[in-house]
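Here is a short report on one protein model. Look at the sequence and the fold first, then read on.

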Amino acid sequence: MNMLKVGDKVPDFSAKDQDGNTINLSDYKGKKLVVFFYPKANTPGCTAEACNLRDNYKELQAQGYELLGVSADSEKKQSNFKEKYDFPFPLLADEDHTVINTFGVWGAKKFMGKEYDGIHRTTFIVDGNGVVENVIDKVKTKDHATQILA
């Protein structure tokens, strides 16, 4: 895993969102962007994290942040996840791992004694010039907005 660090410039990327629209990093030029990676749509931790960001979305926007959720789920799964919980931000369906590999969040994980490769739950705060300002790798799923706003 070769994860982006604070001070790194994020290479431009494009990926499809839950509705099949192409989203590019350049769409957010001049804006503060929160890119949060989560392992799988509709699982307890990922739902708690995304709902916490939804519930604090107005405050995040008031602080100038745009949000982008990313997992390797299909457009259909992302669309169902977004509709079910009424998320006001796009969810990227990064099935080919373009964005996941750009940020370097794919790698070996352990869960219940099993080792496997997967997405590391990580959030990147990117400034208006595409440079990483902060990396949150110990995400508190139920209180994630506070970590971003801190």
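## An exposed pair

Glu-115 is exposed, at 59% relative accessibility. Exposed means over 50% relative accessible area, buried means under 20%, and partly exposed lies in between (1.4 Å probe, protein chains only). Lys-110 is exposed too, at 63%. Glu-115 and Lys-110 form a salt bridge, and their closest N and O atoms are 3.8 Å apart. A salt bridge here is a side-chain nitrogen of Lys or Arg within 4 Å of a carboxyl oxygen of Asp or Glu.

This is a predicted model: local features need pLDDT of at least 70, side-chain atom pairs count only at pLDDT 80 or more, and totals for chains, interfaces and linings use all residues. Residues are numbered from 1 along each chain as its sequence is written, and side-chain values use heavy atoms, with hydrogens and water left out.

## Other salt bridges

How many salt bridges does a search of the whole structure find? The search finds four. Side chains of opposite charge can pair when their charged atoms come close.

Arg-121 sits in the loop between strand 7 (114–119) and strand 8, while Glu-49 sits in helix 1 (residues 44–55), so the pair ties together parts 72 residues apart in sequence. Helices (H or I, at least four residues) and strands (E, at least two) are DSSP runs, numbered from the N terminus. Arg-121 is partly exposed, at 22%. Glu-49 is buried, at 0%.

Another salt bridge links Asp-8 with Lys-5; their closest N and O atoms are 3.8 Å apart. Asp-8 is partly exposed, at 23%. Lys-5 is exposed, at 52%.

## Strand 3 and its partners

Is strand 3 mostly covered or mostly open? Strand 3 (residues 32–37) is mostly covered, with five of its six residues buried. Strand 3 runs parallel to strand 4 (residues 65–71), and six bridges join them. Two strands pair if DSSP finds at least two bridges between them. Val-35 has Leu-68 in strand 4 as its bridge partner.

Strand 3 also runs antiparallel to strand 8 (residues 122–126), with five bridges. There, Val-34 is partnered by Ile-125 in strand 8.

## A negative patch

Asp-19, Glu-75, Glu-83, Glu-95 and Asp-96 gather in a patch of negative charge on the surface. Patch residues have over 30% relative accessible area and no salt bridge, and like charges are joined within 9 Å. Asp-96 lies in the loop between strand 5 (91–93) and helix 4 (98–103). Asp-96 is exposed, at 60%.

Methods:
Patch = residues over 30% accessible without salt bridge, like charges linked within 9 Å, V, L, I, M, F, W, Y side chains within 5 Å. Areas by Shrake-Rupley, 256 points an atom, 1.4 Å probe, with all protein chains shown as cover. Lys, Arg positive; Asp, Glu negative; His and termini not counted. Charge placed at Lys NZ, Arg CZ, Asp CG, Glu CD.
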